[in-house]
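This report describes the fold of one protein and then takes a single helix in more detail. The sequence and structure come first.

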Amino acid sequence: MKITQSEIVISAVKPEQYPEGGLPEFALAGRSNVGKSSFINKMINRKALARISSKPGKTQTLNFYLLNEALYFVDVPGYGYAKVSKTERAAWGKMIETYMTDRAPLKAVIMIVDLRHPPTKDDIMMYDFLKHFDIPCMIVATKADKIPKGKWQKHLSVTRKVLEIAEGDELIMFSSETGLGKDNAWHFIERKMKE
């Protein structure tokens, strides 16, 4: 898919603020600093629509990005080591859970992990949550350019094993530097939009 138009429409914290109109939505979930913003920017060929922060935990709302007036990317707060209080983190958790379990236009969650490292406890919890609620998902392992090509398969199999990825769930290697995996990710999204 070629993105010719992209804009951030709203930063929402509760359901009544979500956009109306029922366009398909794809939520982006991942640890703070895992490269969600870089993924969004690469997918839509924009340098900085999604702001990349050096401070983990910057995203504290559900950010709805409207693409080609046809679909939304929804960036959700990163989980993991953001320096926020437990109550704040619990509130985010509730907000993300409400969105992911109740939102009819949500077609799938794009879960982003770092290919260089085995998935964390938080990653495992997130994947288990998606499986528990039967939410379709694709796992995108970013930062592939930081690993020698000869080690890609080894890292992929570690990711697959640690998360216990279910049959039928896609695991895509991605690099926001080189664009590796971008077409595969769009194929998944386009397929889900038709379902």
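## Order of elements

The model is a predicted one.

## Burial, contacts and surface

The protein has 195 residues, and 49% of them are buried. Its accessible surface is about 10,100 Å², with carbon and sulfur atoms accounting for 51% of that area.

Contacts between residues at least 6 apart in sequence were also sorted by separation: 76% of them join residues at least 24 apart.

## Helix H3

Helix H3 covers residues 121–132, which is 12 residues.

Which residues of H3 are buried? They are Asp123, Met126, Tyr127, Phe129 and Leu130. These residues fall within an arc of only 155° around the axis, which means that they sit on the same side of H3. In general, an α-helix has 3.6 residues a turn, so residues three or four places apart point the same way.

Lys121, Met125 and His132 are exposed on the other side of H3. A residue counts as exposed when its relative accessible area is over 50%, and as buried when it is under 20%.

## After the helix

Just after H3 comes Asp134, which has a positive phi of about 60°.

How values were computed. Residues are numbered from 1 along each chain as its sequence is written. This is a predicted model: local features need pLDDT of at least 70, side-chain atom pairs count only at pLDDT 80 or more; totals for chains, interfaces and linings use all residues. Side-chain values use heavy atoms; hydrogens and water are left out. Buried means under 20% relative accessible area, exposed over 50%, partly exposed in between (1.4 Å probe, protein chains only). Contact means heavy atoms within 4.5 Å. Accessible areas come from the Shrake-Rupley method with a 1.4 Å probe; for residues, only the protein chains shown count as cover. Helices (H or I, at least four residues) and strands (E, at least two) are DSSP runs, numbered from the N terminus. The expected span of a helix is 1.5 Å times one less than its number of residues. The arc is that of the directions from the helix axis to the C-beta atoms.
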